[in-house]
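Subject: Structure handover and findings

Hello,

Please find the structure below, followed by notes on what was found in it.

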Amino acid sequence: MEFFVDLISSVIPYIKTAFLAIIPLGFIIFIHELGHFYAAKRCGIKVNTFSLGFGPKLIGFQRDETEYRISLLPFGGYVQMEGENPSEQTGAHGEFASASIGNRAFVVAAGPAVNLLFGVLVYWLVFATGINADSTRLIGGLTGLPLGEKEAIQIGWVANDGAGAVGGLMPGDTIVSVNGDPISHWAMFQTRIFTSANRPIDLVVERDGERKFLSVIPDAEPSVRGDIGIIRVSSRSETVVSHVEEGSLAAQIGIQVGDQIESINGKELHNVPYFGYGVWHASQDWRNEKYQELYQSINENQEALTLGLRRGDETHTLELPVRWRVKASVQENSIAQNAGIQDGDVLVTLNGASVDNAMLYSELKTMETSQPIEVGLVRDGSLRKVTLAAEIQGSEETDTEGALFGLAWQTSLSGMEFGAKTAPLPDYNFFTGFGKGVEATWLTFTTVGRTLQQLVGGEVSPKHLAGPIGIANATSRMFDRVGLSSVLFFIGFISINLCIVNLLPIPIADGGQLLFFAVEKIRGRPMPRKAQEIVQQVCIVLLIALFLYITWFDGMSLIHDLRN
């Protein structure tokens with residue numbers, strides 16, 4: 001019985017997120033069909049059925065010639081017009097095929113038009129009501145739209161043995177273009193690398209005021225969707241002081257929150273220093289080696305830490321001794337929390353020996369299977385001692401996401417903590433928000449169009465496309481991890497994508513129907529019914545095959561996410 005209770009408890013969150021994903025995506029499809037429905041009614045075309053959802057009918061009612069129903073599967077809806085299918089056409093008045101070419105084109109185009117309008121309105125709403133940091137990253141990643149202060153797309157750290165280093169990339173390089181395409185956001189650069197495993201890409205970078213032309217061949221890394229490209233470089237981020245402890249060495253020499261740290265011991269910083277628990281446990285992340293190297297270089301002369309600091313337009317060089325403080329961060333219901341350790345406690349001893357940040361993880365790892373561990377900590381100025389033991393009641397896991405006993409930690413350097421400098425968030429009003437929404441819509445069109453071009457040209461594999469399962473999975477994860485404005489923007493992005501895809505000249509899509517109408521206008525008569533049916537049947541088979549292909553990889557990705 002306990003097994004089934006645990007199973008149900010573990011499944012409920014996924015049911016909730018799936019529900020949250022299906023509703024907005026179903027709404028996008030529903031308003032698309034609503035556009036067709038409205039246009040058909042305006043043109044005098046008989047609509048037999050207008051359904052909210054697919055599958056078996058749950059409830060419904062008849063009004064005039066149309067049956068309005070709610071169906072079992074809440075994935076959008078559909079409109080079934082009289083004589084829409086070539087095999088059902090009789091030439092009677094009120095049939096779709098009997099309407100003028102202009103009216104038929106209006107009905108077909110109305111669905112994508114509503115999706116486009118909805119996308120613009122959502123973008124407008126997001127910009128006009130205010131965006132957060134998560135939204136700026138999402139918007140920039142999806143559309144390449146620069147928000148806030150214009151920032152260069154720069155390389156931070158470069159792995160010594162990575163494809164980026166082999167190709168000549170160096171810390172501080174500014175990415176100008178990839179294969180001739182301008183790059184305006186780091187996520188755009190990542191996507192081009194991601195989809196270019198084992199294929200050379202041509203880069204233009206700026207270095208010391210000069211442009212250089214490089215060729216980089218991303219390494220192939222296996223994934224559930226096939227090989228993905230990696231070059232082992234990080235995005236450059238500027239470092240600012242995020243916190244200064246009262247009375248600390250940093251406070252005594254006048255360091256302030258917001259000061260920008262440009263160099264440490266004469267070496268230029270390209271990434272924010274981080275020396276917490278995540279740097280020291282076994283990991284495949286090459287960046288940990290860079291953090292460890294920086295940590296060791298700071299410790300080479302603990303009596304003279306030299307900081308290159310910028311405050312406004314002024315630059316300063318300051319010196320102070322090196323003093324480390326290890327602050328605890330405990331996970332809920334973990335062994336560490338049950339033992340009495342709290343967030344912010346300063347860890348000072350481990351079984352009587354002084355805590356060494358560089359050795360703390362390995363020491364805990366060694367001790368976790370032996371006798372209980374006595375931890376000395378300082379809280380509110382007083383020394384306390386707690387005992388870590390795996391058998392503490394209510395705790396089962398000893399290693400969660402790399403945090404042994406549920407104990408993570410952050411490290412302050414001489415009383416300073418660091419963070420990434422962020423650009424001020426843009427502020428739009430009712431009118432400027434609309435302009436930005438239109439701009440984002442245009443950039444969405446160009447971004448999707450470029451992706452389709454790369455897909456046709458073989459630069460992007462269909463494995464990397466997302467179908468309904470992939471989109472629903474991404475939407476559900478956004479509900480859990482980012483703000484509402486980000487989710488709304490993503491929904492608007494999907495709506496505009498649906499508009500674009502439906503306008504492609506594929507026979508069973510709206511764009512294919514418009515193509516048939518254009519041919520009919522030129523020929524003076526419609527294409528033969530038999531030819532239409534053959535073309536549609538062939539395209540249906542091909543699209544079903546593509547759908548199943550994409551869905552297979554969507555499902556594999558979903559299973560991978562659930563397992564991890």
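A salt bridge here is a side-chain nitrogen of Lys or Arg within 4 Å of a carboxyl oxygen of Asp or Glu. The model is predicted, so local features need pLDDT of at least 70 and side-chain atom pairs count only at pLDDT 80 or more, while totals for chains, interfaces and linings use all residues. Residues are numbered from 1 along each chain as its sequence is written, and side-chain values use heavy atoms, with hydrogens and water left out.

Overall figures

The protein chain holds 14 helices and 24 strands; both are DSSP runs numbered from the N terminus, helices being H or I with at least four residues and strands E with at least two. Of the 564 residues in the chain, 44% are buried. Buried means under 20% relative accessible area, exposed means over 50%, and partly exposed lies in between (1.4 Å probe, protein chains only). Taking contacts (heavy atoms within 4.5 Å) between residues at least 6 apart in sequence, 65% join residues at least 24 apart.

Salt bridges

Side chains of opposite charge can pair when their charged atoms come close. The whole structure has 20 salt bridges. One of them joins the side chains of Arg104 and Glu520, at 2.9 Å from N to O. Arg104 belongs to helix 2 (residues 101-129) and Glu520 to helix 13 (residues 510-523), so this pair ties together parts 416 residues apart in sequence. Both Arg104 and Glu520 are buried.

Another group is a network of salt bridges linking Arg236, Glu238, Glu268 and Lys421. Within this group, Glu238 meets Arg236 at 3.8 Å, N to O, and Glu238 also meets Lys421 at 3.6 Å, N to O. Glu238 sits in the loop between strand 10 (233-235) and strand 11 (239-244), and Lys421 in the loop between strand 24 (416-420) and helix 10 (430-456), so the pair ties together parts 183 residues apart in sequence. What are the accessibilities of Glu238, Arg236 and Lys421? Glu238 is partly exposed at 30% relative accessibility, Arg236 is partly exposed at 22%, and Lys421 is partly exposed at 43%.

Two packed helices are described by the angle between their axes and the distance between the axes. Axes are lines fitted to C-alpha atoms, for helices over the stretch in contact, and angles run from 0 to 180 degrees between N-to-C directions. Angles under 35 degrees count as roughly parallel, over 145 as roughly antiparallel, 65 to 115 as roughly perpendicular, and the rest as oblique. A crossing is left-handed if the near helix is turned anticlockwise from the far one by less than a right angle, and right-handed if clockwise.

- Helix 13: the angle with helix 2 is about 160 degrees and the axes are 9 Å apart, which makes the two helices roughly antiparallel. The crossing is left-handed. The salt-bridge partners Arg104 and Glu520 are among the residues through which helix 2 and helix 13 meet. By class, the contact has six nonpolar, one polar and four charged residues; Ala, Val, Leu, Ile, Met, Phe, Trp, Tyr, Cys and Pro count as nonpolar, Asp, Glu, Lys and Arg as charged, and the others, Gly among them, as polar.
- Helix 10: the angle with helix 2 is about 130 degrees and the axes are 7 Å apart, so helix 2 is oblique to helix 10. This crossing is right-handed. Residues of helix 2 that take part include Tyr123 and Trp124, and those of helix 10 include Phe430 and Phe434. The contact divides into eleven nonpolar, four polar and one charged.
- Helix 12 (residues 484-502): the axes come within 8 Å of those of helix 2 and cross at roughly 155 degrees, so these helices are roughly antiparallel. Helix 2 passes helix 12 in a left-handed crossing. Among the residues in contact are Phe118 and Val122 of helix 2 and Leu488 and Ile491 of helix 12. This contact has 15 nonpolar, six polar and no charged residues.

Ile230

Ile230 is part of strand 9 (residues 228-230) and is partly exposed, at 24% relative accessible area. Which residues does Ile230 contact, leaving aside its neighbours within four places in sequence? They are Ala163, Ile193, Pro218, Asp219 and Glu221. Pro218 is twelve residues from Ile230 along the chain, and their C-alpha atoms are separated by 5.1 Å.

Regards
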